[in-house]
Amino acid sequence: MTPEELRRLAESHEEARPEPRHRIKICVAAGCLSAGSDRVREALQNEIAQRGLESECEVKGVGCLGLCTAGPLMLVEPDGVMYQGVTEQDAPAIVESLGKKPVEQLVCPSDMSFFTKQYKIVLENSGVIDPEKIEDYIARDGYTALARVLEEMTPQEVIDEITRSGLRGRGGAGYPTGLKWSTVAKAGGSRKFVICNADEGDPGAFMDRSVLESDPHRVLEGMAIAAYAVGASQGFLYVRAEYPLAVKRLRTAIRQAERLGLLGNNICGTTFSFHVDIRLGAGAFVCGEETALIASIEGKRGQPRPRPPYPAEYGLWGYPTLINNVETFANVAPIIRNGGDWFASIGTEKSKGTKVFALAGRVRNTGLIEVPMGITLREIIFDIGGGIPDGHRFKAVQTGGPSGGCIPEQYLDMPVDYESLAKVGSIMGSGGMIVMDETSCMVDVAKFFMDFCVSESCGKCVPCRVGTAQMYHLLNKITSGEATMEDLALLEELCDMVKYTSLCGLGQTAPNPVLSTLQYFREEYIAHIVDKQCPAGVCQMRQ
Amino acid sequence: MNQPVRVKTLKIDDRDVSGREDETILEVARQNGIFIPTLCNLEGLTPIGACRLCLVEIKGVSRLLPACVTRVEEGMEVYTQSERLQKYRRMVLELLFSERNHICSVCVVNGHCELQNMAQILGMTHVSVPYRFPRLPVDASHERFVVDHNRCILCTRCVRVCDEIEGAHTWDVMGRGIDSRVITDLSQPWGESETCTSCGKCVNVCPTGALFEKGKPVSERLKKRQFLPYLTMMREERR
Ligand SMILES: Cc1cc2nc3c(=O)[nH]c(=O)nc-3n(C[C@H](O)[C@H](O)[C@H](O)COP(=O)(O)O)c2cc1C
Ligand code: SF4
Ligand code: SF4
Ligand code: SF4
Ligand code: FES
Ligand code: FES
């Protein structure tokens, strides 16, 4: 398929279905599905059929619209009205109102800053296209980047474009993507692999799942471009089995792309071939670590191994392997389409582009957001998130999940980029963002994340296996009012030791939530230990 | 066939040493009589870098690297004895002692235990973290051998020797984190194992009293580990 043919396909897709007068786009991503959006969809379809309006009115399932807590969400076009919290019973009223006055009590104000302050690149098709229809994706310029790359660019030119964009890995560490690609490209041998890391195990995070559910072709296109650039012909998508909807849509997407010759042998009629297979993970957090993930695909126990050698040199079955995160791959096609310079013009000096966050906790609007790098925490939490509900006060925001830390009020005006977050003891991580108010106990928060690390440690190395268990024990002692100041000193020693001696990133970062809460909220630890009380009234004191 | 092997020169604890490019820091240090403590490592088995006792500092590298799996490089400056390293090593040992029930006075290998030796050599005088005292089973179903999980340090030497040298792969690890445990076959009693050849290799490589032979006095329970390098060498020769 040439770019010209793609264009024609996109056009014929539009022509084949004359624009219906009304189109209802209803979110069928996991969040809204669990709130019953499939039933609403059916009710709407029945209602339309009953009134004989099929030719005028179409109901379309789309990916995540972002404001997941207000789901099920839907968008009525061309009226441009967004509805929230819709139920089956609302179907008649909605159909009745088409082209007239919207159903007042369901309206979700789409001019609120939740929507207007975002900048969508990764999520540009989310909530717009039907994730199960490749034609929808193609109609939005899908696969043109791949076709162009194959037709007009050398692998080196592709790598240069990605390097120029300044894109950094979205899986946590922020490693420069162009540099990683060129390392794999330079590695010798004729056999290489591309892996998409869709394990996403951070508690509360669902960015990658949402991208896969809402726009699966976007990820496949990014992988294919990467494969061409580094010289791989086989790819794997490592998805956790807890994401059945994402897996189903990926399977559909792979089949559709193969049928159109956009994946498989001789893509777009060129000599380039690329096959993608899905591998299911059993849901161990550590399997997101790249060497553990590779072991898992190889059919071994999912445990990390010491690096170097890095996967770029010695990866899947010993062959050079490129491994990137879902969101990283999702950024590739737009970079090729619009140019690296375009991408580099968004964001900050060292952190380019946008970042998707799962905004959760004590904010009015929780859900999935995409913002330009460099936006401040205050803008995210108070403008997009709508601030803290119920008259409470902001206390801290936790970023980066179990590898990250808690950021206190004094840094609210700090720009969100890799370096700034690291400077205050947290990290970008994969994009979990949990807002806390004064009803949260910071020792309890640290304990929550330590508990997570204890149960997710793979058990291979001593500092992480035993050290995290000992740290959890000490935190538990503190929150139950049984600890002494010596225990606190011991806790700090263990933090240092586990951080610097563990084998993989899990152990190396497990102490971060403790360290950052100790840095900014030390007095809360002291209150638990000396005064035997929990300032936030969360912990149980046995006094 | 004979590819030239490049030799690298480096410094370990300010001493000039040299090593082949495929040698690790640990190997070169040992050749030069420089002591780096190890537990999971055993010559002849694939190194895994799990116990973290052999961590060393390398000038210009912010991370600490395990000597057992890190290859030598030209111009490297390695430090093996810094105060920081010694403190971490003692803490690794303390964590190991706290993890299970290491009651040396009643142990079958008291006096010949690598964990115990290491504690003496590294000057570990007490355990500052609380003992966890887990309840763990002992499996004496095998006609000749016993596995006592109370003394296992999860070094996986048994797993590796059985898989890589004997080729039986009777041992593996089950569970994760602090709940990890070595198992025979699919977590069946050792005595019922269909794969175990009763060769005794695992018992000989086990650094502690976790694996031991039935009915032998302590004096005869010295473990024999010299056979491993020999076996691996013979294999390489045949290739
Ligand atoms: C314990 C642990 C868990 C991880 N989990 C994930 C994950 O779920 N998804 C992911 O993309 N990267 C995860 N990573 C990071 C990956 O190892 C790797 O750095 C990343 O996939 C590289 O892709 P990127 O360069 O596009 O970010 C994890 C790392 C560690 C240490
Ligand atoms: S740090 Fe933890 S998860 Fe990583 S290898 Fe060690 S025990 Fe396993
Ligand atoms: S006795 Fe030999 S075969 Fe049996 S478990 Fe030990 S090493 Fe494996
Ligand atoms: S049984 Fe012995 S050799 Fe096997 S893991 Fe435990 S301590 Fe190591
Ligand atoms: S799942 Fe429907 S808006 Fe996110
Ligand atoms: S000997 Fe190197 S980590 Fe155990």
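# A first look at chains A and B

Between chain B and chain A, the count is 2 salt bridges. Welcome to this structure, which is a predicted model. The model scores 0.93 for ipTM and 0.93 for pTM. For chain B, the mean pLDDT is 92, with 93% of its residues at 70 or more.

**Where chain A and chain B meet**

- How many residues of each chain are in contact? On the chain B side there are 31 residues, and they are in contact with 30 residues of chain A.
- Putting chain B and chain A together buries an area of about 2,600 Å². Carbon and sulfur atoms give 59% of that area.
- R465(A) and E99(B) meet through their side chains in a salt bridge, at 2.7 Å from N to O.

**Around the ligands**

- Ligand 2 has 13 residues around it, and the closest are C458(A), C461(A), C464(A), C504(A) and G507(A). Sorted by class, this shell around ligand 2 holds 8 nonpolar, 4 polar and 1 charged residues.
- Ligand 3 has 14 residues around it. Coming nearest are C162(B), C196(B), C199(B), G200(B) and C202(B). Two elements of chain B, helix 4 (157-166) and helix 5 (201-205), are those that give two or more residues to this shell. The classes for ligand 3 are 8 nonpolar, 4 polar and 2 charged residues.
- Ligand 4 is surrounded by 13 residues, the closest being C152(B), C155(B), T156(B), C158(B) and C206(B). Its shell divides into 10 nonpolar residues, 2 polar ones and 1 charged one.

**Salt bridges across the structure**

- How many salt bridges does a search of the whole structure find? Over all chains, the search finds 45 salt bridges.
- In chain A, R39(A) pairs with E88(A) in a salt bridge whose closest N and O atoms are 3.5 Å apart. R39(A) sits in helix 3 (residues 37-50), while E88(A) sits in the loop between strand 4 (81-83) and helix 4 (91-97), so this pair ties together parts of chain A that are 49 residues apart in sequence.
- Both ends of that pair are partly exposed: R39(A) has a relative accessible area of 46%, and E88(A) has one of 32%.
- In chain B, R20(B) forms a salt bridge with D22(B), where the closest N and O atoms are 3.0 Å apart. R20(B) also forms a salt bridge with E23(B), and there the closest N and O atoms are 4.0 Å apart.
- Over in chain A, E47(A), R51(A), E96(A) and K100(A) are joined into one network by salt bridges that share partners.

- Helix 9 of chain A covers residues 177-186, and T177(A), G178(A), K180(A), W181(A), S182(A) and V184(A) are buried in it.
- What covers the buried residues of helix 9? The cover includes several helices of chain A: helix 8 (155-165), helix 11 (216-230), helix 13 (290-297), helix 14 (326-330) and helix 15 (332-338). Strand 8 (321-325) of chain A is also included.
- Helix 10 of chain A runs over residues 207-214 and is mostly covered, with 7 of its 8 residues buried. The buried ones are M207(A), D208(A), S210(A), V211(A), L212(A), E213(A) and S214(A).

**A buried residue of chain B: V147(B)**

- Which strand holds V147(B)? V147(B) belongs to strand 7 of chain B, residues 145-148.
- V147(B) counts as buried because its relative accessibility is 4%, and the limit for being buried is under 20%.
- Leaving aside residues up to four places away in sequence, V147(B) touches P137(B), V138(B), D139(B), W171(B), W190(B), A210(B) and L211(B).
- V147(B) and L95(B) are 52 residues apart along the chain, and their C-alpha atoms are separated by 21 Å.

Notes:
Residues are numbered from 1 along each chain as its sequence is written. Chains are lettered from A and ligands numbered from 1 in the order in which they are written. This is a predicted model: local features need pLDDT of at least 70, side-chain atom pairs count only at pLDDT 80 or more; totals for chains, interfaces and linings use all residues. Side-chain values use heavy atoms; hydrogens and water are left out. A residue is near a molecule or strand if one of its heavy atoms lies within 4 Å of it. Ala, Val, Leu, Ile, Met, Phe, Trp, Tyr, Cys and Pro count as nonpolar, Asp, Glu, Lys and Arg as charged, and the others, Gly among them, as polar. pLDDT is the predictor's confidence in each residue, from 0 to 100. Buried means under 20% relative accessible area, exposed over 50%, partly exposed in between (1.4 Å probe, protein chains only). Helices (H or I, at least four residues) and strands (E, at least two) are DSSP runs, numbered from the N terminus. Contact means heavy atoms within 4.5 Å. Buried area is the accessible area (1.4 Å probe) that two parts lose on being put together, summed over both.
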